[in-house]
Amino acid sequence: MTRPTLEVVRHPLIEHKLSLLRDKRTGSRQFRTLLEEVTLLLAFHATRHLEGEEVTFDTPLETMRARRIREDRLVVVPILRAGLGMVEGVLRLIPGARVGHLGFYRNEETLQPVRYYGKLPPRPEDHDFLMVDPMLGTGGTATAAASELKERGARDIRLMCLVAAPEGAARMAEVHPDVPICTAALDRRLNDVGYIVPGLGDAGDRIFGTR
């Protein structure tokens, strides 16, 4: 099974914090903090494609030229609801980024994702989009979200998640081969009820303390 769009970011800090996130003893407060920290570390890799523009400015000693990115060209798009827990980690790194939102629920008859909410900045074609969701499981919601962005005119789209299942990564590669995926771990498989194994459990419930 090929996954040419998937990049697993390997770093001791990410591995350490991800192990704490996986631990069922980790409570919601610590889970949110760790999620934000891992997101920040992943975002360093996931945004390395951003192009800077040359500017001229004065240092305390001389005038120089350097490159700066247009922070407001990046749009962070959490896939509701669990994706909300990753937004602040990206904004700590790129505080000028914009934030869009995409919400989906699963139709219990067709088992297909149905969009119930979508809010994006105007002229999507002028922006770089970073979709965020802690889990890439079956890939149904992620592929639907990428399709929604493309339908609205987005041209540069990436997905960042903490944990991916081979099934979801393969589906994204098949449906959206032009959407790179940045993740902290590629886990073993999906179980019979669609949870990633070993995974994190229900990330949304663990973030918000719900069941």
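Me: Is Tyr116 buried, partly exposed or exposed?
Reply: This is a predicted model, where local features need pLDDT of at least 70, side-chain atom pairs count only at pLDDT 80 or more, and totals for chains, interfaces and linings use all residues. Residues are numbered from 1 along each chain as its sequence is written, and side-chain values use heavy atoms, with hydrogens and water left out. Buried means under 20% relative accessible area, exposed over 50%, and partly exposed in between (1.4 Å probe, protein chains only). Tyr116 has 45% relative accessibility, so the class is partly exposed.

Me: Which residue forms an aromatic pair with Tyr116, and how are the planes arranged?
Reply: Rings of Phe, Tyr and Trp (its six-membered ring) pair if their centres lie within 6.5 Å; planes under 30 degrees apart count as stacked, over 60 as edge-to-face, the rest as tilted. A search of the whole structure finds one such pair. Its centres are 6.5 Å apart with 35° between the planes, and the partner in this tilted pair is Tyr105.

Me: How many residues apart in sequence are the parts that this pair ties together?
Reply: Helices (H or I, at least four residues) and strands (E, at least two) are DSSP runs, numbered from the N terminus. Tyr105 lies in strand β6 (residues 101-106) and Tyr116 in strand β7 (residues 113-119), so the separation of the tied parts is 11 residues.

Me: Which ring does the charged end of Arg68 sit over?
Reply: The rule asks for NZ of Lys or CZ of Arg within 6 Å of the ring centre and within 35 degrees of the ring normal. The charged end of Arg68 lies 4.6 Å from the ring centre of Phe57.

Me: Where is Pro198, which a cis peptide bond joins to Val197?
Reply: Omega of that bond is about 0°. Pro198 is in the loop between β13 (196-197) and α6 (203-208).

Me: What is phi of Arg123?
Reply: Arg123 is in the loop between β7 and β8 (128-132). Arg123 is exposed, at 51% relative accessible area. Its phi is positive in a residue other than glycine, near 55°.
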